[in-house]
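Below is a short briefing on one protein chain. Look over the sequence and the model before reading the points that follow.

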Amino acid sequence: DLLRIDVGGALAAESGGGRSLQDVAAAQGVLKAGGALDVARLAASGDLTVEGDAAATLEDVTAGRDLDVAAGGRLSLDRVEVARAADLASGGDAQIISLQTSTLTAAFGGDAVLDRSVLASDGAVRADGALTATHLEGRADLSLDAGEALTTNRLIVRGDADLSSGEAMALSRTSVGGALTAAADLDGSAAGAAAVLRDVTANSLDMETGGTADLNAVAVAQDLSIRALDGTLRLGTVQVTGDAVFVAESGAIRTQTGQASSDGFSLNLPVGAEAPQGLPSSSPDGGGGSITRTQVAGRAFDDLLAVDGDAWFDASGDVLLPGDGTLENDFDGRVTVSRGARVALSDRNDLVLGAPSRTAPGGAELPNAGIYNRVNGEEITSLRVEVGGSLTDTASARVRVEGDAWLQAGRDVDLNSGRHDVGGSIGAQGRDVTLEMRGDVRLGPIRADRDFTVVANARGHPPDLQRHDARADDGRRPRRRRRRR
């Protein structure tokens with residue numbers, strides 16, 4: 001053991017077995033041990049190298065330049081300051097507490113914990129096992145790579161963050177000033193959700209998961225892109241200032257409130273029946289708890305899913321995005337559902353159908369603007385849209401539904417692209433209601449406070465306009481509307 005040593009020059013100490021050093025000062029140091037190595041209260045004004053074939057522990061250590069630590073077993077650091085670069089490696093688990101360094105490069109053979117540490121510049125950490133980062137601040141770019149689960153809590157990254165995990169990923173109270181790129185459980189081996197994000201802010205977010213992704217209290221200053229290879233995208237309060245793309249290749253996209261179900265609905269109502277009220281609301285699917293108003297880093301979430309730019313939804317299963325009675329969606333841009341089974345959308349204000357074509361994450365082309373299943377042999381079986389303002393479409397928008405469609409607006413319903421096909425009945429409620437359809441039209445319940453216009457054969461196909469099982473509010477059969485060719 002070396003105790004209370006002050007060396008004006010370099011210190012070199014090597015032992016075939018274990019070694020302990022305490023209260024040591026040197027210009028620079030090289031410490032090697034064939035067994036366990038314990039270092040406490042060591043100050044090196046220059047470089048410091050520590051190598052141990054077994055476990056290594058460093059407490060109250062400073063390096064005036066670089067620190068290079070390699071442990072054959074477990075590595076423990078507590079209250080370590082490095083002026084320039086820290087390079088850490090262990091053959092087993094690692095626990096890093098109160099590390100302050102400019103740059104960090106770390107590779108751990110087992111589980112690793114980083115706690116209460118500050119990186120003045122870039123950092124890259126790899127753990128073969130689980131990796132947990134708490135109260136960690138990176139003032140430039142940061143990469144965290146876990147062979148198993150990755151967990152963050154109170155993580156701040158001023159630059160870009162690249163996060164990956166071989167199993168589940170859980171991000172909470174995480175703020176990224178640049179681009180956040182995340183990949184979780186790509187082989188789908190994790191039990192439960194592949195990724196859970198709570199109280200997360202980023203300049204942009206690009207995430208890919210092998211299973212279910214669960215988001216709540218997430219704010220993105222620019223664009224968001226999420227792709228789930230398998231499982232459901234569960235969305236709570238999510239705020240996106242740019243464009244947003246949501247893809248569930250083998251699952252559904254839905255809000256977490258449990259107020260939307262995958263049950264179908266029909267507009268084949270008895271004569272004189274009321275128009276259907278509300279969105280599907282049977283039993284929850286177990287996909288998350290209720291949503292409450294949330295504030296993160298001074299940002300209040302008053303909407304459920306809020307997208308200032310355009311939004312695309314593409315799922316092999318249902319796309320069910322209703323409000324919950326307290327929080328509503330708010331799509332300021334255009335919206336396209338390019339794939340889905342049953343579709344339900346809501347918006348507290350106006351909703352415009354028809355985000356333009358684009359390439360989805362993973363390379364799939366989303367060519368269809370509107371609500372239309374892009375996959376041959378698949379159909380959207382039912383559609384329900386409820387908005388507080390007006391429901392409109394773009395000139396290229398196409399709504400194609402194999403079954404029934406229900407459209408409800410606080411102001412006008414104006415779908416006039418002439419490209420729409422509804423195989424079942426179409427019902428609508430609004431102030432002025434305009435429906436210009438590509439072919440035949442089978443009307444379900446219609447309530448127009450002012451004008452009602454319906455056009456079959458809007459694009460030159462043989463028309464067949466029918467009024468189906470509906471009466472005016474006073475019980476009298478409404479007057480037949482003139483067909484326009």
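**The chain as a whole**

Of the contacts in the chain between residues at least 6 apart in sequence, 29% join residues at least 24 apart. The structure is a predicted model. The chain has 48 strands and zero helices. Of its 485 residues, 53% are buried.

**Confidence of the prediction**

- The mean pLDDT of the chain is 85, and 84% of the residues reach 70 or more.
- Residues 258–298 have a pLDDT below 50. Beyond near neighbours in sequence, the model gives this stretch 102 contacts.
- For residues 462–485, too, pLDDT stays under 50. In the model, this stretch has 51 contacts beyond four places in sequence.

**Aromatic pairs**

- How many aromatic pairs does the count come to? The count comes to two aromatic pairs.
- Phe-246 and Phe-313 form a stacked pair, with 5.2 Å from centre to centre and 5° between the planes.
- Phe-246 belongs to strand S25 (residues 244–248) and Phe-313 to strand S30 (residues 311–315), so this pair ties together parts that are 67 residues apart in sequence.
- Both Phe-246 and Phe-313 are buried.
- Phe-313 and Phe-331 form an edge-to-face pair, with 6.0 Å from centre to centre and 85° between the planes.
- This pair links distant parts of the chain, since Phe-313 is in strand S30 and Phe-331 is in strand S32 (residues 330–331), 18 residues apart.
- Phe-313 has a relative accessible area of 0% and is therefore buried, because buried means under 20%.
- Phe-331 has 2% relative accessibility, so Phe-331 counts as buried as well.
- Ring pairs link Phe-246, Phe-313 and Phe-331 into a cluster.

**The cavity**

- By the rule used, there is one cavity of 30 Å³ or more.
- The space in the largest cavity is about 30 Å³.
- Which residues line the largest cavity? The lining is made of Leu-383, Val-399, Ala-405, Leu-407, Leu-415, His-420, Val-422, Ile-426 and Met-437.
- Strand S42 (405–409) and strand S43 (413–422) are the elements that give two or more residues to this lining.
- S43 gives the most to the lining of the largest cavity, with three residues.
- By type, the lining of the largest cavity holds eight nonpolar residues, one polar residue and no charged ones.

**Strand S13: Leu-114 and Asp-115**

- Leu-114 is found in strand S13, and Asp-115 is found in strand S13 (residues 112–119).
- Is Leu-114 buried or exposed? Leu-114 counts as buried, because its relative accessibility is 4%.
- Leaving aside neighbours within four places in sequence, Leu-114 is in contact with Ile-96, Leu-104, Phe-108, Val-125, Leu-131, Thr-132, Ala-133, Thr-134 and Leu-136.
- Leu-114 and Ile-96 are 18 residues apart in sequence, and their C-alpha atoms are 4.8 Å apart in space.
- Asp-115 has a relative accessibility of 14%, so Asp-115 counts as buried.
- Not counting residues up to four places away in sequence, Asp-115 touches Ile-96, Ile-97, Ser-98, Thr-134 and His-135.
- Ile-96 and Thr-134 are among the contacts of Leu-114, and Asp-115 touches Ile-96 and Thr-134 too.

**Arg-227 in strand S22**

- Arg-227 lies in strand S22 (residues 224–228).
- With a relative accessible area of 14%, Arg-227 is buried.
- Arg-227 and Asp-206 are 21 residues apart in sequence, while their C-alpha atoms are 8.4 Å apart in space.
- With which residues is Arg-227 in contact, leaving aside its neighbours within four places in sequence? The contacts are Met-207, Glu-208, Thr-209, Val-247, Glu-249, Pro-361 and Gly-362.

Conventions
Residues are numbered from 1 along each chain as its sequence is written. This is a predicted model: local features need pLDDT of at least 70, side-chain atom pairs count only at pLDDT 80 or more; totals for chains, interfaces and linings use all residues. Side-chain values use heavy atoms; hydrogens and water are left out. On a 1 Å grid over the protein atoms alone, a cavity is a set of points where a 1.4 Å probe fits but cannot get out, and a pocket is an open set with protein on both sides within 12 Å along at least five of seven lines; lining residues have an atom within 4 Å of a point. Grid points are joined across faces, edges and corners, and a volume is the space filled by probe spheres set on the points. Helices (H or I, at least four residues) and strands (E, at least two) are DSSP runs, numbered from the N terminus. Ala, Val, Leu, Ile, Met, Phe, Trp, Tyr, Cys and Pro count as nonpolar, Asp, Glu, Lys and Arg as charged, and the others, Gly among them, as polar. pLDDT is the predictor's confidence in each residue, from 0 to 100. Contact means heavy atoms within 4.5 Å. Rings of Phe, Tyr and Trp (its six-membered ring) pair if their centres lie within 6.5 Å; planes under 30 degrees apart count as stacked, over 60 as edge-to-face and the rest as tilted. Buried means under 20% relative accessible area, exposed over 50%, partly exposed in between (1.4 Å probe, protein chains only).
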